[in-house]
Amino acid sequence: TTEIYTLSLHDALPILRFPNCMVDRITPKTTPEDRAGLSRRFGIDDQWPVLCEPFTQWVLEDRFSDGRPPLQDAGAQFVADVEPYEMMKLRLLNASHQALCYPGYLVGYRFVHEVAADPLFARFLLDYMTGEAIPTLRPVPGIDPGGYARQLIDRFSNPEVADTLARVCADTSDLIPKFLLPVIRQQLDAGRPFTRCAAVVASWARYAEGADENGERYEIDDALAPQLQAAARRQRRHPAAFLEDNRAIFGDLAGDPRFTGVFTPILVSLLDRGVRRTLAGLGDMP
């Protein structure tokens with residue numbers, strides 16, 4: 001007689017797991033000046049060096065299949081659930097990049113540290129983070145989100161990072177739905193304020209016109225650039241055009257009077273009065 005045995009992959013190997021992780025470190029785009037500086041200072045000819053800020057955070061879920069490598073020796077933090085840390089990064093760091101880049105570019109700044117060092121913009125960022133983004137977060141074990149927000153202003157203000165606004169302004173149609181619009185929706189559902197969020201969206205709409213407040217023209221680096229600019233060209237006659245013509249981005253917000261009622265006067269103010277007067281007057285809005 002012949003006996004047949006079968007062995008499945010599940011029986012032969014440990015259960016495979018792929019722990020979720022979050023990395024928080026600002027890494028600007030490498031420039032020719034970076035390569036030249038590395039060669040001059042250290043005698044290293046690297047065609048693509050990766051420059052980054054001093055701050056670093058690497059959070060890993062402690063879900064390994066057969067022990068774990070000693071990644072804590074490299075500074076990794078092991079947690080039961082990485083999602084609170086990820087949401088904090090997306091809605092504070094990433095969304096704040098969006099909050100500073102469009103209005104900052106419009107007034108003539110070209111680097112992140114220039115915007116963050118301006119008291120008007122620093123106040124705007126902190127008000128967004130503490131008043132609108134942080135209320136949407138779950139508790140983050142071991143971290144004070146308010147302290148993280150204040151630390152972000154210092155990180156953004158570091159001139160040695162030399163992160164460009166052009167880099168941060170790129171691909172907005174893909175980024176804002178992930179970073180900022182969830183904050184707006186949660187704030188709406190909870191009946192809490194979202195004025196600074198609306199100001200970020202309105203600043204993007206004004207930025208999409210392709211010229212700053214000094215008349216300097218620039219390219220819109222976005223896969224949807226033609227569509228965005230076509231909508232922006234209509235908004236001086238019809239302020240809701242940017243939302244209505246980009247429903248694939250904004251979804252239900254484009255027709256929600258609770259949102260449009262805040263967005264529209266901010267956009268009109270940006271068009272008529274400029275960025276600085278608009279941001280300074282946000283405290284008088286809902």
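Predicted model: local features only at pLDDT ≥ 70, side-chain atom pairs only at ≥ 80, totals over all residues.

Student: What share of the residues counts as buried?
Tutor: The C-alpha atoms fill a box of roughly 85 × 55 × 40 Å along the principal axes. The protein has 286 residues, and the share of them that counts as buried is 47%.

Student: How many helices and strands are there?
Tutor: Helices are DSSP runs of H or I with at least four residues, strands are runs of E with at least two, and numbering starts at the N terminus. Going by that, the tally is 15 helices and three strands.

Student: What percentage of the contacts with a separation of 6 or more joins residues 24 or more positions apart?
Tutor: Contact here means heavy atoms within 4.5 Å. Among contacts with a separation of 6 or more, residues 24 or more positions apart account for 70%.

Student: Which residues have the most contacts inside the largest nonpolar core?
Tutor: A nonpolar core is a set of buried Ala, Val, Leu, Ile, Met, Phe, Trp, Tyr and Cys residues joined through side-chain atoms within 4.5 Å. The largest one has 81 residues, and helix 3 (residues 83-107) gives the largest share of it, 13 residues. Leaving out residues up to four places away in sequence, one of the pair you want touches Leu181, Arg185, Val201, Trp204, Phe242 and Leu243. The two with the most contacts inside the core are Phe250 and Phe259.

Student: At what angle do the axes of helix 5 and helix 6 cross?
Tutor: Axes are lines fitted to C-alpha atoms, for helices over the stretch in contact, and angles run from 0 to 180 degrees between N-to-C directions. Helix 5 covers residues 119-133 and helix 6 covers residues 145-156; their axes come within 10 Å and cross at roughly 145°.

Student: Is that crossing of helix 5 and helix 6 left-handed or right-handed?
Tutor: The test is how the near helix is turned from the far one by less than a right angle: anticlockwise is left-handed, clockwise is right-handed. For helix 5 passing helix 6, the crossing comes out right-handed.

Student: How many residues of each class are in the contact of helix 5 with helix 6?
Tutor: Ala122, Leu125, Leu126 and Met129 of helix 5 meet Ala149, Arg150, Leu152, Ile153 and Phe156 of helix 6. Ala, Val, Leu, Ile, Met, Phe, Trp, Tyr, Cys and Pro count as nonpolar, Asp, Glu, Lys and Arg as charged, and the others, Gly among them, as polar. By class, that contact has eight nonpolar, no polar and one charged.

Student: And how does the contact of helix 8 with helix 9 divide by class, into how many nonpolar, polar and charged?
Tutor: The axes of helix 8 (residues 172-179) and helix 9 (residues 181-190) come within 4 Å and cross at roughly 35°. Ile176, Pro177, Lys178 and Phe179 of helix 8 make the contact with Leu181, Pro182 and Val183 of helix 9. By class the residues divide into six nonpolar, no polar and one charged.

Student: Is Thr172 buried or exposed?
Tutor: Thr172 lies in helix 8. Leaving aside neighbours within four places in sequence, Thr172 is in contact with Gln98, Tyr102, Pro177, Trp204 and Asp222. With a relative accessible area of 1%, Thr172 is buried.

Student: How far is the sulfur of Cys21 from the nearest cysteine sulfur?
Tutor: A disulfide is a pair of cysteine sulfur atoms within 2.5 Å, and by this rule the count comes to zero. Cys21 is partly exposed at 43% relative accessible area, and Cys52 is partly exposed at 35%. From Cys21, the nearest cysteine sulfur is that of Cys52, and the distance is 16 Å.

Student: What is the phi of Asp171 near?
Tutor: Asp171 sits in the loop between helix 7 and helix 8 and is partly exposed at 40% relative accessible area. Its phi is a positive value in a residue other than glycine, near 60°.

Methods:
Residues numbered from 1 in each chain as written. Heavy atoms only, no water. Buried < 20%, exposed > 50% of the residue type's maximum accessible area, 1.4 Å probe, protein only.
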